[in-house]
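Welcome! Take a look at the structure below, and then we will walk through a pocket and a sheet together.

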Amino acid sequence: MALLRNIFKNIESLEQQMHDKWLGTQPEVILPRLRSLLTDLENLSSPNGFAGTNEAVTIRKCMLAQRSVPCLIGEMLDHPQLKSGPGITSELFYLDRKRRIARTLSRWYHLDEGFLI
């Protein structure tokens with residue numbers, strides 16, 4: 001019985017984290033990571049801006065894979081690259097239910113009628 005209580009407690013904790021605006025990762029953790037990613041990508045795009053790194057991790061016998069990430073699905077309206085209709089967003093980084101806004105890797109979204117979460 002104690003094991004079952006612990007399992008339910010862990011599930012409740014995970015649910016609480018997912019209801020957080022930052023989807024379980026606190027701003028002080030995710031923001032420096034995103035800044036670092038942006039800096040690295042900017043360096044890659046500039047001429048002679050990237051000379052490699054000595055801190056890179058070696059990976060052997062690797063292959064390209066996919067994993068699930070938080071995102072939004074729904075009917076897109078006035079998307080700059082997609083025609084209006086059903087669609088799925090890129091990775092979701094910020095969700096504010098009260099203000100009805102979300103930020104994905106690509107852009108901001110306004111959560112119109114019928115938001116289900």
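## The second largest pocket

Among the elements, α2 gives the most to the lining of the second largest pocket, with three residues. Helices (H or I, at least four residues) and strands (E, at least two) are DSSP runs, numbered from the N terminus. The elements giving two or more residues to this lining are α2 (27-45), β3 and β4.

Which residues line the second largest pocket? They are Trp22, Ile30, Leu31, Leu34, Phe93, Tyr94, Arg103, Thr104, Leu105 and Trp108. By class, eight are nonpolar, one is polar and one is charged. The space in this pocket is about 200 Å³.

## About the model

This is a predicted model, where local features need pLDDT of at least 70, side-chain atom pairs count only at pLDDT 80 or more, and totals for chains, interfaces and linings use all residues. Residues are numbered from 1 along each chain as its sequence is written, and side-chain values use heavy atoms, leaving out hydrogens and water.

## The sheet

Now for the strands. Three of them form an open sheet in the order β3-β4-β5, with antiparallel pairing; two strands pair if DSSP finds at least two bridges between them. At the edges are β3 (92-96) and β5 (108-110), each pairing on one side only. Neighbouring strands here are turned by 15 degrees against each other on average, direction ignored (axes are lines fitted to C-alpha atoms, and angles run from 0 to 180 degrees between N-to-C directions).

How many bridges join β3 and β4? There are four, in the antiparallel sense, with β4 covering residues 101-104. Leu92 has Thr104 in β4 as its bridge partner, and Thr104 also lines the second largest pocket.

## Terms for the pocket

On a 1 Å grid over the protein atoms alone, a pocket is an open set of points where a 1.4 Å probe fits, with protein on both sides within 12 Å along at least five of seven lines; lining residues have an atom within 4 Å of a point. Grid points are joined across faces, edges and corners, and a volume is the space filled by probe spheres set on them. Ala, Val, Leu, Ile, Met, Phe, Trp, Tyr, Cys and Pro count as nonpolar, Asp, Glu, Lys and Arg as charged, and the others, Gly among them, as polar.
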